[in-house]
Amino acid sequence: MKQKNIYFIVGVSVALTVLVVLVLVFANSKAKEKNKQQEVFGVQEQKFAETIASYENSPLEVEVPIYDEKILLSGKNHFELGKDSGKLLELQERDLMSKYIFEDYPYGVVRKSQQGYYIMYDSDNGVRLYLYFLSEKNNMDYKYISGFPIVMKDTLTYKEFKSLEQGNTIEDVEKIDMVTNFYQANFDSYENEEFEKITSEGYGGFSVHLLKDGILKIIYERVKDEYIIKEFIYSEDFKLNCFNDELNFEINENDYMK
């Protein structure tokens, strides 16, 4: 009996020793992984800083890089037309980090904005895409897309939208600004329940029009497979409330479509 007890105690001791060793190995592995992530994260910050520095002082008249329109506006899992990027970041629905955006869309023209930076790309069909980067909590890192991605085909003014009113359809908006059809194509990919969710929670279901004299956000509701104008939000100072902050979408005069 005593011998069995000794075997039992020895067995328990060995098992506990193995368990402790496994825990220490796991903890060490996690620590190495964390350090590696921090190291990579630092590289990402450095890459963005270098990219900003290389473009920040570009001349006002520059050649904006041209991409295939379908590929450019697909967002490649980074952004989505008609959705607030701040909310997408919270939901982790998109990879909004600048490093990965630059990998998929290199050579964009970077400009200093009122609150951070914006980047411009052109499509092969004459549409320009603007992505905005706002410093998170003023820590000056600018690692993530903020606010709304914006597309522009023609330089328009608010006066051209004055004929619109609540109850009009998205097709009425398209007659004024053709880029609205890109928003509609994205809306069509949602089932009714999902579209209602993103509109009711305020982070989707709208088109954004960057104008010569301000910025216009048009919010829609889906009624029997039609998109009906529910609300207009116009700001002559180019500021709109976004999910995580108020963002100024003003751009340099030279960066409007000619």
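Q: Where is glutamate 160 placed?
A: Glutamate 160 is in the loop between β5 (145–152) and α5 (170–174). Helices (H or I, at least four residues) and strands (E, at least two) are DSSP runs, numbered from the N terminus. This is a predicted model: local features need pLDDT of at least 70, side-chain atom pairs count only at pLDDT 80 or more, and totals for chains, interfaces and linings use all residues. Residues are numbered from 1 along each chain as its sequence is written, and side-chain values use heavy atoms, leaving out hydrogens and water.

Q: Is glutamate 160 buried, exposed or partly exposed, and which is the cut-off for each?
A: Glutamate 160 counts as partly exposed, at 39% relative accessibility. Buried means under 20% relative accessible area, exposed over 50%, and partly exposed in between (1.4 Å probe, protein chains only).

Q: Which residues form the negative surface patch?
A: Asp154, Glu160, Asp213, Glu236, Asp237, Asp245, Glu246 and Glu250 form it. Patch residues have over 30% relative accessible area and no salt bridge; like charges are joined within 9 Å, nonpolar side chains (Val, Leu, Ile, Met, Phe, Trp, Tyr) within 5 Å. Asp and Glu count as negative, Lys and Arg as positive; His and the chain ends are not counted. The place of a charge is NZ of Lys, CZ of Arg, CG of Asp or CD of Glu.

Q: What does threonine 157 touch, leaving aside neighbours within four places in sequence?
A: Threonine 157 is in contact with Leu211, Lys212 and Asp213. Contact means heavy atoms within 4.5 Å. Threonine 157 also sits in the loop between β5 and α5. From threonine 157 to lysine 212 is 55 residues in sequence and 5.3 Å in space, C-alpha to C-alpha.

Q: Which residue forms a salt bridge with lysine 212?
A: Glutamate 253 does, with the closest N and O atoms 2.8 Å apart. Glutamate 253 lies in the segment after β10 (246–248) and lysine 212 in the loop between β6 (206–211) and β7, so the pair ties together parts 41 residues apart in sequence. A salt bridge is a side-chain nitrogen of Lys or Arg within 4 Å of a carboxyl oxygen of Asp or Glu.

Q: How many salt bridges are found in the whole structure?
A: Six. One of them joins arginine 128 and aspartate 122 (2.7 Å, N to O).

Q: Are arginine 128 and aspartate 122 buried or exposed?
A: Arginine 128 is buried at 10% relative accessibility, and aspartate 122 is buried at 12%.

Q: New topic. Why is α6 largely enclosed by the rest of the structure?
A: Because six of the eight residues of α6 are buried. They are Thr180, Phe182, Tyr183, Gln184, Asn186 and Phe187.

Q: What does asparagine 186 touch, not counting residues up to four places away?
A: Asparagine 186 touches Glu80 and Leu81.

Q: Which way is the phi of lysine 224, positive or negative?
A: Positive, near 50°, in a residue other than glycine. Lysine 224 is in the loop between β7 (214–223) and β8 (226–235). Lysine 224 is exposed, with a relative accessible area of 80%.

Q: And what is phi of phenylalanine 238?
A: Near 70°, a positive value too. Phenylalanine 238 is in the loop between β8 and β9 (239–241), and is buried at 7% relative accessible area.

Q: Last one: how many helices and strands has the chain?
A: Seven helices and ten strands. Buried residues make up 44% of the 258 residues.

Terms used: Accessible areas come from the Shrake-Rupley method with a 1.4 Å probe; for residues, only the protein chains shown count as cover.
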